[in-house]
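Hello,

Here is the structure we discussed, passed on for your own work. My notes follow below it.

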Amino acid sequence: MNLFSKIFSSLLVGIVGLLLIVGNLHYEMQIRQFEADLVASTQAVGKSLAGAIGRAWMDGGAEMASLQIAAADEALPEIAIRWVWLGEVKQRFGPRQPEIADLDDQNGGRPITFITFDENRKRLRYTFVPVAIPGEERRGMLELTQSLEALTAFTHKTLLTILAISAVLLLFSGTVTYFLIYRKIRRPLEKLSSKALEIGKGNLTADLEIQGDDELVQLAGIVNDMCTRLFIAQKKIHFENLARLKTLEQLRHTEKLSTVGQIAAGIAHEIGTPLNVVDGRAKMIISEPLEHEEIVNCAKIIKTQAERMTLIIRQLLDFSRKKKIVSKSHENLVTLLKQVFHLLTPLAGKQGVELLLRVAPEAKVRCFVDSQQIQQVFMNIIMNAIQATPDKGVVQVELSNIFLKSMLHTDNQVKEFLRVDIRDEGAGIPVANLMEIFTPFFTTKSVGLGTGLGLSIARELLEEHGGWIEVRNRPVKGAEFTLYFKLEETGV
């Protein structure tokens, strides 16, 4: 529901509520007044007739009083009038009407009115007016019985009248309110919303116009002024971003070269072994008389070792090469990790550390990433783990899937991610440093062992891919870095 509908609906509900309250109060007042008038007129008739009956009884006895009552009953068709004795009334209505039960022959001098059901379960109004009869020990009373049809008819008429008046008032006020809100609120807000969408799409032209002199007109002026300022700031930010990107790319490359320098010793050892094999076989061919088959066999061994050295050098060059254009593709992260393991195995072996890769059964491991950037993320974190792990320790990398809410987005939706846990067996990270380790140039390593950029670059590259990184100290020993990657919807 948009703002216009909310405001109009709220006002309309308020008007309806006000009309209902006023109408109900007027309705109740009318009904109470009509009912009070009926009771008063009936009691007045009863009192007047009671006096006439008393005099007729004195002049002509019970027979004359009966004729008087019959004449009154015929003259007032809307009221049934008859003579009753107090004892009879108490017997009929005493159990249901306390005020009747409390009457006796001495204190029954005032009219009593109430509504109850007769023998046929029909609701009627009964009015009893005492009649003083000289010489009679019993108390006589006039019973005036009225149907409630007049009250019901008046109730319906009053209700219909109030509903009709309320409907007319509601239609009139609703129409006035609708056009007033539409002209003064909805149309200006539609223009503001449309301009906001254009600003979101990059149109910063200050062309918003709203007629009038209220707050929305002032807001339109503020929006136009904001567009002008944003346009100026946009140009400034554009040039600043170009400079920042160049600097950031240079820092990433610097960190990559630093990593290459640290694994160079292990790579040299890895290349040294096949070089010795090549040298030995070449000397055998030169200095010893060999058969043709032996020469061919030596040549094959030399070729195999040369291909091994070429592969190692190519991987190292590919990792260290400065990349100009970021291109993402569907990559298997297990394959990327194995390539990183291959590069870091010599360094890990030199420090007596074992690299262990575990993949959960049927885990989805294919993501849309830039392979070289993600390799740099893995390289930075795993190399830190190797350096932190003591001799004969294990650096374990485990891949699994998990459902959770993204830490980078506010859509509050649970999605499936690829989780990569990298665990070392070192001394852990001091609590004071847990909040600082991703700060650029922050490092606790000795000079020459790190630039302090590895973790900050790893986090930035991961966030550029829609993921994030978390770190904690393990309960037993060491630290654990957890990386989260967005999964392809159809990938496995």
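At what angle do the axes of helix 8 (residues 371-388) and helix 9 (residues 454-464) cross, and within what distance do they come? The model is predicted, and in it the two axes cross at roughly 145° and come within 9 Å. The crossing of helix 8 and helix 9 is left-handed.

On the helix 8 side, the residues in this contact are Gln373, Gln376, Val377, Asn380, Ile381 and Asn384. Helix 9 meets them with Gly454, Leu455, Ile457, Ala458, Leu461, Leu462 and Glu464. By type, the residues of the contact divide into seven nonpolar, five polar and one charged.

Next, helix 2 (residues 86-93). Its buried residues are Leu86, Val89 and Phe93. Viewed down the axis of helix 2, these fall within an arc of 60°, so they line one face of the helix. As background, an α-helix has 3.6 residues a turn, so residues three or four places apart point the same way.

What do the buried residues of helix 2 pack against? Their partners are strand 1 (79-85), strand 2 (112-117), strand 3 (123-131) and strand 4 (140-147), together with helix 3 (98-101).

Last, the cysteines. How many disulfides does a search of the whole structure find? The search finds zero. Cys227 is buried, at a relative accessible area of 0%. For Cys367 the relative accessible area is also 0%, and Cys367 is buried.

Regards

Notes
Residues numbered from 1 in each chain as written. Predicted model: local features only at pLDDT ≥ 70, side-chain atom pairs only at ≥ 80, totals over all residues. Heavy atoms only, no water. Disulfide = S-S within 2.5 Å. Buried < 20%, exposed > 50% of the residue type's maximum accessible area, 1.4 Å probe, protein only. Axes fitted to C-alpha atoms, helices over the stretch in contact; angles between N-to-C directions. Helix = DSSP H or I, 4+ residues; strand = E, 2+ residues; numbered from the N terminus. Left-handed = near helix turned anticlockwise from the far one by under 90°. Contact = heavy atoms within 4.5 Å. Nonpolar A, V, L, I, M, F, W, Y, C, P; charged D, E, K, R; others polar. Arc of directions from axis to C-beta.
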